[in-house]
Amino acid sequence: MHDFDFVRPQTVSDAVRALATPDAQALSGGQTLLPAMKVRLAAPAVLVSLMHIPDMVFVRADGDVLRVGGATTHAQVAREAAGAYPALASLAARIGDPAVRSRGTIGGSLANNDPSACYPAGVLASNATIVTDRREIGADDFFQGMFTTALEEGEIVVEVRFPIPDAARYEKFIQPASRFPLTAAFVARHSGGARVAITGASESGVFRWHEAEVALTSDFAVQALDGLAVDADGMIADLHGSSAYRAHLAGVMTRRAVAAIV
Amino acid sequence: MPKDGGIGDSPKRREDVRFLTGTGRYSDDINIYNQVYAYFVRSDVAHGRIAGIDAEAAAAMPGVLRIFTARDFEGVGGIPCGWQITSRDGSVMNEPKHPVLADGKVRHVGDPIAVVVAETLAQARDAAEAVVIDIEDLPAIMDMRAALTPDAPLVHEDMGTNLCYDWGFVEDNRQAVDDAIAHAHHVTTLELRNNRLVANPMEPRVALAEWNAAADEYTLYTTSQNPHVIRLLMGAFVLGIPEHKLRVVAPDVGGGFGSKIFHYAEEAFCTFAAKALRRPVKWVSSRSEAFMSDAHGRDHVTKIELALDENGKFLALRTETLANMGAYLSTFAPSIPTWLHGTLMAGNYTTPLIYVNVKAVFTNTVPVDAYRGAGRPEATYQLERVVDKAAREMGIDPVDLRRRNFITEFPYATPVAVEYDTGDYHATMDKLLALSDHAGFEARAEESRRRGMLRGFGIAHYIEACGIAPSNLVGQLGARAGLYESATVRVNATGSISVMTGSHSHGQGHETTFAQVVGDMIGIDPAQVDIIHGDTARTPMGMGTYGSRSIAVGGSAMVRATEKIIAKAKKIAAHLMEASEHDIELKDGRFTIAGTDRSVAWGDVTLAAYVPHNYPLEEIEPGLEETAFYDPANFTYPSGAYGCEVEVDPQTGKVTVLSFTAADDFGNVINPMIVEGQVHGGLAQGFGQAMMENCAYDADGQLISASYMDYAMPRAADLPMFTVDSTCATPCTHNPLGVKGCGEAGAIGSPPAFVNAVIDALQRGGHDVTHIDMPLTPDRVWEAMQERGVRDA
């Protein structure tokens, strides 16, 4: 690890100011960033920790919306969202291991947008809104490809607002080494229709499986998915599975999620 | 009933107190005043010519003492190989130079090119980034078959070939085997790969060396399974340091699994640099470095053919293997696919004709050497897979087919040059079938089927050879070392005992087990016995621990030394009681005149030996300390029956291990709890290989499974509760304890049992899948199911 300065702002505005310094990098749990720094793949001059801003650490049900502070750890979401939005709490409870869940945050995960991360699937299928220090971004606009988001330089995820669906389920098939999703599906049944988000599979990062959504919106049942398949084109192929396998798993995980809901 | 803490009892492991309370003393816990830090600059390409190294700017950076390259090692020896194989045509193997630092060419990703030594590790690492290496890329040689084609680029140009050796065994059998296979009623053929593995011991390697200018003496602290072997290889062949000037210490070592047997460049570098800089030099491997610098394991590509008659009797076996050596020969690499592999091809069976051909090949990969089981897992895997396939092809139950061919009379001389002393393969098979409720399997399979899952049962019966010996034989086979073991038993004046052993414990629990042996022989509390190992200055010349050899060879040396102690102590006791030594009996730590109630205690005798006031000085020397070197007459041959029950999810290809049963014959067992733990560990590594571990390179020679993000290690949750039994014991006939060894069995027998179970599950599900190469990851199982659709009912 190279030398760096470390700042710990107490407010969002202080954090935004600190992030404006040259080569500054936000730290929000650091479960990706710190390993990258240890192997010297990342070398920020200033680390701005977002973990000590009280306004960014909370889980709050607000009518039919679950609000989660951007610096809230997975462990806290797993604990505190279980009543209001159990499927999301279950997703958080299955990220990584206890050490990762105690440090990693929702804002850090979303800003990083690892194509194999769990949270992007939950956020996209829930049609959540990402609230930053300067604007609100809809989930459909936020994820823009592998490790790419709508966030601007120095922009901070302050809060995520989840419309709570009538029912939802996250089904994950893990990659045996990293235990990240090899492919996972988050299915949410909203009053306005079904949303299906697939993570781990695509070279473009998390995506919505529109065909499945249409079918499930008209008939929320496993049989409604008969004959539907995710196109293997554009899926990731690596040591752990071909693109055809990932496309197949997307279908299996989606069906299992639907089966668990109905 | 075993004595309390004696042979056959299961006292808890005394070493665990320090391991579990964080008070172990590992190599990295040792720091020497004024030490400096080495950081290795390693090749990031698989194959290339070093056009230039510019270290000028780096050398001027803060804290840097010196930057070393191959130029600094002119006149220094290369890393030696400890075993020479002779090819079929009588020529000796091609043995490439293995410089401490890459000289002229780099030959694998991770090949060390330069070393920065600085006051702090961070300074060394900063400077290492400033070392500019100019490498002209050469085509990477990755595929073994392609490497042997005439126009292939060469890993070592001066050898003119990528072939290390072409070994035939037993060459005289070749024609008869070919004839038998040509005319057999049935021949089953299987082509398979035994996947390359990274050992991944919990503790990465460390080397810390110091040089004492006043005495011109060196001390090397290193993570080794055999410090005397390192002292011999490095002192004699690399650095030219006489053994009395070189001390090698391997303190607590956090696992080795074979990968810490070998002499590595980093050890030689630190020892060399300590004198050059007149400062202690420390190197600690990172996990990433371990992936590309620790010797890898396995990596065989094999074709095996089994000929059977109409009754399923095995007539002949022929195997052809390409064995990957990597870019250089690691210490014992040539012996693994040959003498530790070909000699095991008879398995538990009476196959009369066997021929084994092995071509060892150089590629642009990390060197490959022994890994838990070393050659024996490769032999067992192919044999137990082909037997299972033959059973399916001939419509014979796989248990029955094995039984029809079991060896039942001992000693048994195999056609591959070894003689099994004891065994009872029907007994272990019976035990397995009973413990695993094999009879109830069909009902369980039906229950799975109702849930849409595919259940399968797989069996493997293995033979293992431990304690490779005797030394004069292994010398004829090409070993450049002896394979005895040593022990010094030093009885102290008050009766406590220090045992100095040449074996080395790095997880095996020797400090507990060996104390049980010595304590039991004398009849004293094993707490009175301390086991000292891992330091060439304290222990007699010994060969270390690998190949499940330590109880069979090291334990036997300890027995022999203790017998000498007892013989002398009886003379002293006889003198003290004015009796004949022939009438003295030792029981429960007391010397008694047979048939009387007159006795003296162990402590009375030991005190007399060191305070020899009333002592037969004219007949025997004072003191009570004896050394024995034990060279076994033969290998030991543990065997066992393993059964694995799995469930395959046909939608995802995911395999869940539902149960695993091991019925082992380890001969006599000293500490059943430790033996069970050893089996558990071996099984976990076997399942790791069979289910998930996969060391993978791409076509350019980049290691793509270079971290735990891509290299899957088994975790407790991936494994079932194991049912382990070692009561079917047929004691070894040629060592004093009747022991065989247990360290590798689990890793040898479990991969074929697991793969056989998965194939069984798929076949029962109607998928005509006959083989899947390890590891059987979900994607591979699913792909195999797609290629081989469901049979019509």
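Q: Is Cys728(B) buried or exposed in this model?
A: Cys728(B) is buried, at a relative accessible area of 13%. Bear in mind that this is a predicted model.

Q: Which cysteine sulfur is closest to the one in Cys728(B), and how far off is it?
A: That of Cys742(B), at 16 Å, which is too far for a bond. A disulfide would need the two sulfur atoms within 2.5 Å.

Q: Changing topic: how is chain B divided into domains?
A: Into three stretches of assignment: domain 1 covers 16-23 + 484-630, domain 2 covers 31-138 + 202-255 + 260-293, and domain 3 covers 296-468 + 634-787.

Q: How many residues do domain 1 and domain 3 of chain B each put into their contact?
A: Domain 1 of chain B gives 18 residues and domain 3 of chain B gives 19 residues. The C-alpha centres of these two domains are 39 Å apart.

Q: What area do domain 1 and domain 3 of chain B bury between them?
A: About 1300 Å², with 63% of it on carbon and sulfur atoms.

Q: How many salt bridges and polar contacts cross that interface?
A: Between domain 1 and domain 3 of chain B there are zero salt bridges. Six residue pairs are in polar contact there, both residues being at pLDDT 80 or more.

Q: Which elements of domain 1 give two or more residues to that side?
A: Helix 14 (510-522) and helix 15 (550-576) of chain B. Helix 15 of chain B has the largest share of the domain 1 side, with seven residues.

Q: How many salt bridges are found across the interface of chain B and chain A?
A: Four. One of them joins Asp126(B) to Arg40(A), where the closest N and O atoms are 2.9 Å apart.

Q: How many residue pairs are in polar contact between chain B and chain A?
A: The count is 15, with both residues at pLDDT 80 or more.

Definitions and conventions: Residues numbered from 1 in each chain as written. Chains lettered and ligands numbered in written order. Predicted model: local features only at pLDDT ≥ 70, side-chain atom pairs only at ≥ 80, totals over all residues. Heavy atoms only, no water. Buried < 20%, exposed > 50% of the residue type's maximum accessible area, 1.4 Å probe, protein only. Domains from an automatic or database assignment. Contact = heavy atoms within 4.5 Å. Buried area = accessible area lost by both parts, 1.4 Å probe. Salt bridge = Lys/Arg side-chain N within 4 Å of Asp/Glu carboxyl O. Polar contact = N/O pair within 3.5 Å; in protein donor to acceptor, adjacent residues only side chain to side chain. Helix = DSSP H or I, 4+ residues; strand = E, 2+ residues; numbered from the N terminus.
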